[in-house]
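Hi everyone, thanks for coming along. Please have a look at the sequence and the structure on the screen, and then I'll walk you through a few spots.

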Amino acid sequence: MAARFFTWLKSPAAREYFFSTHFWGPVANWGLPLAALADLRKDEEVISGAMTTALASYSLVFMRFAWRVQPRNYLLFACHATNATAQTVQLGRFSNYWYFGGRDKQLANKPAAEKVVEAAQDAVKTVVPK
C-alpha cells in the first residue's frame with residue numbers, strides 16, 4: 001500500500017493534484033476548523049449562538065458539495081466535517097450555558113469577592129457608555 005502511494009507521488013497525476021484548487025482550497029479552509037477547535041477552550045460567555053449556527057450550517061452545505069463534486073474531494077469533506085462537529089459542540093455549550101442553567105451553576109461556584117468585582121464591572125458598563 002505504501003509503495004503504491006509513493007509511486008503515485010512521483011507521477012504527473014500527483015503533481016497535477018498538488019497544484020490544483022482541489023488540494024489548496026481545502027488546505028486554506030482548515031483555518032476554520034482549527035479556530036473552532038481552539039475556541040472549545042474559551043468561556044461560554046463569549047460564544048455567539050448566531051455565528052456558531054451559521055458556521056455549522058455553512059460546513060454542512062460544503063460537506064455535501066465535497067461529497068457530490070466529481071472527483072470527490074475528501075480533504076474538503078474532512079475539513080468541513082471537523083468544523084461542523086466543533087461548531088455543534090460549541091452550540092451545545094452555548095445552549096447549556098444560556099438556556100439550561102450552566103451560567104447559574106458557574107455563578108454559584110464563584111467566590112464572593114469575584115461576584116462583587118463582577119457586579120462593580122457590570123455597573124460601570126451600564127453607567128459609562130462606549
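First, some ground rules. This is a predicted model, where local features need pLDDT of at least 70 and side-chain atom pairs count only at pLDDT 80 or more, while totals for chains, interfaces and linings use all residues. Residues are numbered from 1 along each chain as its sequence is written, and side-chain values use heavy atoms, with hydrogens and water left out.

How confident is the predictor? pLDDT is its confidence in each residue, from 0 to 100. The protein has a mean pLDDT of 86, and 96% of its residues reach 70 or more. Confidence is highest in helix H5, at a mean of 95, and lowest in helix H2 (residues 12-18), at 76. Helices here are DSSP runs (H or I, at least four residues), numbered from the N terminus.

Now the rings. How many aromatic pairs does a search of the whole structure find? There are seven. Rings of Phe, Tyr and Trp (its six-membered ring) pair if their centres lie within 6.5 Å; planes under 30 degrees apart are stacked, over 60 edge-to-face, and the rest tilted. One of the pairs is Phe-62 with Phe-65, edge-to-face at 6.0 Å centre to centre and 70° between the planes. These two sit about one helical turn apart, because they are three residues apart in helix H5 (residues 49-68). Phe-62 is partly exposed at 31% relative accessibility, and Phe-65 is partly exposed as well, at 44%. For reference, buried means under 20% relative accessible area, exposed over 50%, and partly exposed in between (1.4 Å probe, protein chains only). Ring pairs also bring in Tyr-58, giving a cluster of Tyr-58, Phe-62 and Phe-65.

Next, the single residues. Leaving aside residues up to four places away in sequence, His-80 touches Asn-29, Tyr-58, Ser-59, Phe-62 and Met-63, where contact means heavy atoms within 4.5 Å.

Arg-41, by contrast, is exposed at 80%, and lies in the loop between helix H4 (31-39) and H5. Arg-41 and Gln-90 are 49 residues apart in sequence, and 9.9 Å apart in space, C-alpha to C-alpha.

Terms used: pLDDT is the predictor's confidence in each residue, from 0 to 100.
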